[in-house]
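Please look over the sequence and the 3D structure before reading the notes.

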Amino acid sequence: MDNDMENSIAIEVKDLEKVYKLYDKPSDRLREALHIGRGKHHSEHCALKGVNMTIRQGECVGIIGTNGSGKSTILKIITGVLSPTAGSITVNGRISALLELGAGFNMEYNGIENIYLNGTMIGFSKKEIDQKLDEILAFADIGDYVYQPAKTYSSGMFVRLAFAVAINIDPEILIVDEALSVGDVFFQAKCYHKFEEFKEMGKTIVFVSHDLSSISKYCDRVVLLNQGVKLGEGSPKQMIDTYKQVLVGQYTPPEAESENEGIRLLEDEELRAMAAKGVDGSKLKEKKSGISENPELLEYGSKKARITEYYIMDEKGTKTSTIIKGSDFTIHMRVEMAEDISAPIFAFTIKNVRGTEITGTNTMFEKAFLESVKAGEIKEISFTQEMNLQGGDYLLSLGVTGYEEDNFTVYHRLYDVLNMTVISEKNTVGFYDMNSKVTVK
């Protein structure tokens with residue numbers, strides 16, 4: 001490699017590995033440190049496995065992957081927060097990292113003092129911070145609170161000030177980890193505008209996000225991680241398409257790539273471990289199909305009718321917990337009748353993770369089934385609709401209810417029975433997308 005090529009490299013990662021030691025209890029850590037007893041007192045979790053990545057100066061590179069894929073770990077190693085277990089990393093240029101915002105703040109200091117403290121920690125001189133102070137204060141826009149101790153700030157003020165420091169001091173490399181979703185919509189717009197300025201100035205940007213629309217809009221190249229292994233890199237469209245396959249359990253790794261072979265082996269080991277614990281075959285199949293069932297299921301009812309099977313299915317007919325926004329999906333349940341029921345009502349409700357009911361319907365609302373059933377009958381109920389919820393995690397509840405002598409009766413209700421993840425390339429405001437058709441003349 002010639003000097004020009006070497007000089008153009010901003011970040012180079014070679015054979016990077018990160019292994020965490022996991023201890024069941026604090027005393028095990030102490031026993032191992034003092035070499036008391038034989039053998040290991042820990043298990044190991046490999047967060048990164050032989051990852052290679054080269055980022056050139058002026059590039060905006062996105063890193064995507066499911067939770068636990070190693071995205072944040074690799075950023076923390078690049079910024080020096082963590083040390084790698086093996087491999088090497090080379091960084092050419094001064095880094096500003098939007099990772100754990102405000103991690104270096106002193107809660108007793110006021111805003112101005114924290115700006116100087118944080119700026120100095122990043123590696124800037126007092127003179128450089130002096131020159132940027134007005135810009136930082138204008139960006140944070142927290143008024144006279146800059147003269148108050150940080151402990152008096154709301155969480156929004158705290159994040160705004162920390163973000164303003166990190167993004168307005170002039171780094172050569174900007175590391176961003178989901179930080180652009182802070183504050184209200186006006187502050188977010190300001191953050192994205194600053195991000196675009198950085199791109200135009202030819203700064204190097206490494207960007208981790210679950211927001212696929214932002215990845216697609218800003219990134220020149222995308223790296224896809226899964227369970228600590230690099231699955232591939234390429235254009236945003238290529239990698240987002242592959243990521244969607246991973247999410248719905250339909251990604252088949254190329255046979256020739258040993259890294260990808262490692263993923264399949266890891267999955268097989270996990271399934272074998274489940275089998276060794278006595279988990280039955282249907283649960284193994286469920287594990288592989290990606291259906292995410294709540295282990296602490298809340299259920300109640302008279303059980304005159306019982307929900308005996310339930311699942312979510314995508315538009316291709318695959319059982320899954322992951323649905324792509326804009327596509328059709330089906331909620332299915334099988335109900336067995338233990339007694340005669342005059343008019344059962346079959347229902348589903350979708351809640352967000354905070355417990356707010358977002359949407360739902362039942363066979364009475366839909367006028368889909370208004371008949372009586374006999375003991376021993378089995379009914380298969382399917383609700384098919386277009387997914388217009390914003391990207392994120394949701395919880396599905398199911399129920400069979402009815403009226404007996406004008407009294408509302410619950411026969412069987414399953415609360416938060418399945419987790420449902422919606423993958424979106426475009427999130428709008430609020431809970432759902434109205435799919436507006438926009439014209440500008």
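Residues are numbered from 1 along each chain as its sequence is written, and side-chain values use heavy atoms, with hydrogens and water left out.

**Whole protein**
- The protein has eleven helices and 18 strands; helices (H or I, at least four residues) and strands (E, at least two) are DSSP runs, numbered from the N terminus.
- Of the 441 residues, 42% are buried (under 20% relative accessible area, 1.4 Å probe, protein chains only).
- Contact means heavy atoms within 4.5 Å. Among contacts between residues at least 6 apart in sequence, 71% join residues at least 24 apart.

- Three strands, in the order 11-13-16, form an open sheet with antiparallel pairing; two strands pair if DSSP finds at least two bridges between them.
- Strand 11 (305-314) and strand 16 (378-386) are at the edges with a single partner strand each, so one side of each has no neighbour in the sheet.
- Strand 11 is joined to strand 13 (residues 328-337) by nine bridges. Arg-306 has Glu-336 in strand 13 as its bridge partner.

**Confidence**
- The average pLDDT (the predictor's confidence in each residue, from 0 to 100) is 82, and 83% of the residues score at least 70.
- Over residues 255-289, pLDDT stays under 50.
- Where pLDDT is low, the predicted coordinates should not be read in detail.

Terms used
This is a predicted model: local features need pLDDT of at least 70, side-chain atom pairs count only at pLDDT 80 or more; totals for chains, interfaces and linings use all residues. Buried means under 20% relative accessible area, exposed over 50%, partly exposed in between (1.4 Å probe, protein chains only).
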